[in-house]
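Subject: Handover of a structural model

Dear colleague,

Please find below the structure that I am handing over to you. My notes on its contents come after it.

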Amino acid sequence: MKDTLVPLNKIPIGSIAIVKKLTCDGILRRRMLDLGLIIDTVVESLRKSPSGDPTAYEIRGAVIALRSEEACSVLVQLI
């Protein structure tokens, strides 16, 4: 599983992954890049909200909450 790419919203809480690809474009792609989700960035899944969506991720030292529909466009490789 470590060599395959999975959507960011599918990684388990507490897991660490590396961003490998963005599948979105337009405004959403620009937002992801502005949040620091660029190729080879380390991302840690911290916790889910009580309702299950959004999920908090640590990206470059900042905690960012992403909805599942946004996080599914970020493909990562688990470490």
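The notes below go from the overall fold to individual residues.

Please bear in mind that this is a predicted model.

Overall fold

The protein chain contains 2 helices and 6 strands. Read from the N terminus, these elements follow the order β-β-α-β-β-β-α-β. The radius of gyration is 11 Å, close to the 12 Å that the globule rule gives for 79 residues, so the chain is as compact as a globular protein of that length. Its C-alpha trace spans about 30 × 25 × 20 Å along the principal axes.

Of the 79 residues, 35% count as buried. The chain exposes about 4,600 Å², and carbon and sulfur atoms supply 55% of that area. Among contacts between residues at least 6 apart in sequence, 60% join residues at least 24 apart.

Nonpolar core

The largest nonpolar core has 18 residues, and the members that touch the most others are Leu8, Leu37, Leu66, Val74 and Val76. Two or more residues of this core come from each of strand 2 (16-22), strand 4 (55-59), strand 5 (62-66) and strand 6 (74-78).

Setting aside residues up to four places away in sequence, Val76 touches Thr4, Leu5, Val6, Pro7, Leu8, Ile11, Ala17, Ile18, Val19 and Lys20. Of these, Lys20 returns below as a salt-bridge partner.

Backbone geometry

Most residues other than glycine have a negative phi, and most peptide bonds are trans.

- Asp53 and Pro54 are joined by a cis peptide bond, with omega at about 15°. Pro54 is located in the loop between strand 3 (42-48) and strand 4.
- Asp40, although not a glycine, has a positive phi of about 70°. This residue sits in the loop between helix 1 (27-34) and strand 3.
- Arg60, likewise not a glycine, has a positive phi near 55°. Arg60 belongs to the loop between strand 4 and strand 5. With a relative accessible area of 56%, Arg60 is exposed, because the cut-off for that class is over 50%.

Salt bridges

Side chains of opposite charge can pair when their charged atoms come close. The count for this model comes to 5 salt bridges.

Lys20 is partly exposed, at a relative accessible area of 29%.

Arg30 pairs with Asp34, where the closest N and O atoms are 3.2 Å apart. Both residues lie in helix 1, 4 residues apart, about one turn of the helix. Asp34 counts as exposed at 57% relative accessibility.

A further salt bridge joins the side chains of Arg67 and Glu70, at 3.1 Å from N to O. The two partners fall into separate accessibility classes: Arg67 is partly exposed at 41%, whereas Glu70 counts as buried at 8%. Both take part in a network of salt bridges that links Arg31, Arg67, Glu69 and Glu70.

Is Ser15 buried or exposed? At 16% relative accessibility, Ser15 counts as buried, because the limit for that class is under 20%. Its place is in the loop between strand 1 (6-7) and strand 2.

Which residues is Ser15 in contact with, leaving aside its neighbours within four places in sequence? They are Val43, Glu44, Ser45 and Leu78. Ser15 and Ser45 are 30 residues apart in sequence, yet their C-alpha atoms are 5.6 Å apart in space. The side chain of Ser15 also reaches the backbone oxygen of Pro12, at 3.0 Å.

With kind regards

Conventions: Residues are numbered from 1 along each chain as its sequence is written. This is a predicted model: local features need pLDDT of at least 70, side-chain atom pairs count only at pLDDT 80 or more; totals for chains, interfaces and linings use all residues. Side-chain values use heavy atoms; hydrogens and water are left out. A nonpolar core is a set of buried Ala, Val, Leu, Ile, Met, Phe, Trp, Tyr and Cys residues joined through side-chain atoms within 4.5 Å. Buried means under 20% relative accessible area, exposed over 50%, partly exposed in between (1.4 Å probe, protein chains only). Contact means heavy atoms within 4.5 Å. A salt bridge is a side-chain nitrogen of Lys or Arg within 4 Å of a carboxyl oxygen of Asp or Glu. A polar contact is a pair of N or O atoms within 3.5 Å; within protein, one must be able to donate a hydrogen and the other to accept it, and residues adjacent in sequence count only if both atoms are side-chain atoms. The radius of gyration is taken over C-alpha atoms; the globule rule is 2.2 Å times the number of residues to the power 0.38. Accessible areas come from the Shrake-Rupley method with a 1.4 Å probe; for residues, only the protein chains shown count as cover.
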